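Visitor: Can you walk me through this one? Keep it quick.
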Amino acid sequence: MTSSKKEQSWKKRVFQDKWENLYFFTEVKDKIQCCICQQTIAVPKEYNVRRHNDTIHREKYDGFTGKIREEKVQQLKAAFAKQRHFFSGINKSSVNSVRASFVISEMIAKSLRPFTEGLFVKECLMKASEILCPDRKKVSEGISLSANTVACRITDLADNMQKQLIQISKDFEAFSIALDESTDVSDTAQCAVFIRGWIANLNITEEIART
Ligand SMILES: [Zn+2]
């Protein structure tokens, strides 16, 4: 057993259900947490849990006794769980917003549109949300698509693609490279490098390595 697993099982063994009603404490995952102020106790000993309650909450919560105290504990626990659920929802939606920002930036890059197109796409998304799902308009608002963000996303994607290509190319049995010269919108000459290679199981990889 690893030391962290040992520590976790020790913590689990240590928490006693009676601490809920006695000190308003609950166990969340492997943490022992106060239902009132949500502070966690680093060393989960009864002495520490009791001291937290005595010094911070006792005066206000000692009036709750018997059945009323049990109900208060359940009420605090439910409110606490609801809050945790709310925050985990926010985290999930912010991850999805970043993901959407990457996907749209990639589409902008692949269609050779300027980075500033991101703002126009966002305006379109927000207008469409207003009509289709007004209660979820905030979701589209959360997608960052400013010109700077789009530029950063595209740089990140290009770096990642380069790393992947270097990794894959180590296994190439054979490859070919094609070069082409073109000019961009500002009339600056650009060299495009296409690479095509295959690995032992005949999987073919084709990428623009550089422009
Ligand atoms: Zn507390």
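Guide: Here is a short tour, from the overall fold down to single residues. Keep in mind that this is a predicted model.

Visitor: How many helices and strands are in the protein?
Guide: The protein has seven helices and five strands.

Visitor: What pattern does the protein follow along the sequence?
Guide: It reads α-α-β-β-α-α-α-α-α-β-β-β.

Visitor: What share of the residues is buried?
Guide: Of the 211 residues, 24% are buried. The protein exposes about 15,400 Å². Carbon and sulfur atoms supply 55% of that area.

Visitor: And contacts between residues 24 or more positions apart, what do they account for?
Guide: They make up 44% of the contacts with a separation of 6 or more.

Visitor: Switching to α3. How far apart are its end C-alpha atoms?
Guide: Only 18 Å. Helix α3 covers residues 46–61, which is 16 residues, and a straight helix would reach 22 Å.

Visitor: Where is the kink in α3 centred?
Guide: On Thr55, with an angle of about 55°.

Visitor: Which residues of α3 are buried?
Guide: Asn48, Val49, His52, Asn53, His57 and Tyr61.

Visitor: New topic: Ser140. Which helix is it in?
Guide: Ser140 lies in α6, residues 137–141.

Visitor: Why does Ser140 count as buried?
Guide: Because its relative accessibility is 8%, and buried means under 20%.

Visitor: What does Ser140 touch, leaving out residues up to four places away in sequence?
Guide: Lys122, Leu125, Met126 and Ser129.

Technical notes. Residues numbered from 1 in each chain as written. Predicted model: local features only at pLDDT ≥ 70, side-chain atom pairs only at ≥ 80, totals over all residues. Heavy atoms only, no water. Helix = DSSP H or I, 4+ residues; strand = E, 2+ residues; numbered from the N terminus. Expected span 1.5 Å × (residues − 1). Bend = angle between axes of the 7 residues up to and from the residue. Buried < 20%, exposed > 50% of the residue type's maximum accessible area, 1.4 Å probe, protein only. Contact = heavy atoms within 4.5 Å. Areas by Shrake-Rupley, 256 points an atom, 1.4 Å probe, with all protein chains shown as cover.
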